[in-house]
Amino acid sequence: MAAIVLAASACSSNSEPEATPNEPVTKFALPHHDEAELEIERKITEAMPGKIDPPDATWRETKSGAIYGEPDKKPLIEMVCNDGMVDVTRNVASDDGAKALFAFVGYRGILRLKVENDGAAWHGSLRSDDPLWIAVTGGPFYATVAGGGKVISPASSIASSVITGCKPEADATIKGAAVDTDETA
């Protein structure tokens with residue numbers, strides 16, 4: 001028992017005053033930030049999860065959806081509405097038939113989309129009404145897939161409108177939807 005007390009007392013610092021049972025808790029002040037520093041911190045915390053990559057990439061509307069990338073270059077990401085499904089393409093080559101997850105990481109969620117490579121690009125689809133699309137529609141996000149690096153996107157009303165405006169045709173069945181098998185006729 002004496003060895004434990006000696007070991008414990010050897011670990012304590014003599015520079016700190018010992019508190020007595022009747023002393024109040026010691027208070028200390030945190031460093032004060034001026035308004036300019038607080039504004040900078042606010043902007044940093046509200047900023048995107050990194051710089052836009054590449055810096056001149058933008059979202060642009062297409063006839064059937066939206067593309068993200070640099071002007072006059074192959075798009076980094078393509079989104080197309082197809083009968084209630086949002087088809088996504090990440091234009092990065094890999095082994096034909098390779099499978100991976102294409103992660104969209106946003107402030108309000110994470111979407112991990114199953115994709116397959118055809119030798120030229122990664123392709124995957126997800127129902128437009130899936131709540132995980134909030135990763136894309138909820139603000140800035142980054143997207144990453146095996147061998148594709150990280151694409152950092154600003155918040156985009158164009159990408160959001162592809163997802164939120166993607167509805168199945170009136171006489172179509174959404175792929176992956178539950179089938180009603182009510183046979184009460």
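The structure is a predicted model, in which local features need pLDDT of at least 70, side-chain atom pairs count only at pLDDT 80 or more, and totals for chains, interfaces and linings use all residues. Residues are numbered from 1 along each chain as its sequence is written, and side-chain values use heavy atoms, with hydrogens and water left out.

The protein has four helices and nine strands. Helices (H or I, at least four residues) and strands (E, at least two) are DSSP runs, numbered from the N terminus. Along the sequence, the pattern reads α-α-β-β-β-β-β-β-β-α-β-β-α. Of the 185 residues, 30% count as buried. Buried means under 20% relative accessible area, exposed over 50%, and partly exposed in between (1.4 Å probe, protein chains only).

One disulfide is counted, defined as a pair of cysteine sulfur atoms within 2.5 Å. The bond joins cysteine 81 to cysteine 166, with an S to S distance of 2.2 Å. The link of cysteine 81 and cysteine 166 is right-handed, with 80° about the S-S bond. Cysteine 81 lies in strand S3 (residues 77-82) and cysteine 166 in the segment after helix H4 (157-164), so the pair ties together parts that are 85 residues apart in sequence. Cysteine 81 is partly exposed at 29% relative accessibility. Cysteine 166 is buried, at 1%.

Asp95, Asp96, Glu116 and Asp118 form a negative surface patch. Patches are made of residues with over 30% relative accessible area and no salt bridge; like charges are joined within 9 Å, and nonpolar side chains (Val, Leu, Ile, Met, Phe, Trp, Tyr) within 5 Å. A salt bridge is a side-chain nitrogen of Lys or Arg within 4 Å of a carboxyl oxygen of Asp or Glu. Aspartate 96 sits in the loop between strand S4 (85-90) and strand S5 (99-106). Its relative accessibility of 64% makes aspartate 96 exposed.

Two aspartates have positive phi values. Aspartate 72 has phi near 65° and is placed in the loop between strand S2 (65-69) and S3. Aspartate 72 is exposed, at 84% relative accessibility. Aspartate 83 has phi near 55° and lies in the loop between S3 and S4.

Proline 131 occupies the loop between strand S7 (122-127) and helix H3 (134-137). Proline 131 is exposed, with a relative accessible area of 64%. The C-alpha atoms of proline 131 and glycine 109 are separated by 9.3 Å, and these residues are 22 residues apart along the chain.

Terms used:
Areas by Shrake-Rupley, 256 points an atom, 1.4 Å probe, with all protein chains shown as cover. Lys, Arg positive; Asp, Glu negative; His and termini not counted. Charge placed at Lys NZ, Arg CZ, Asp CG, Glu CD.
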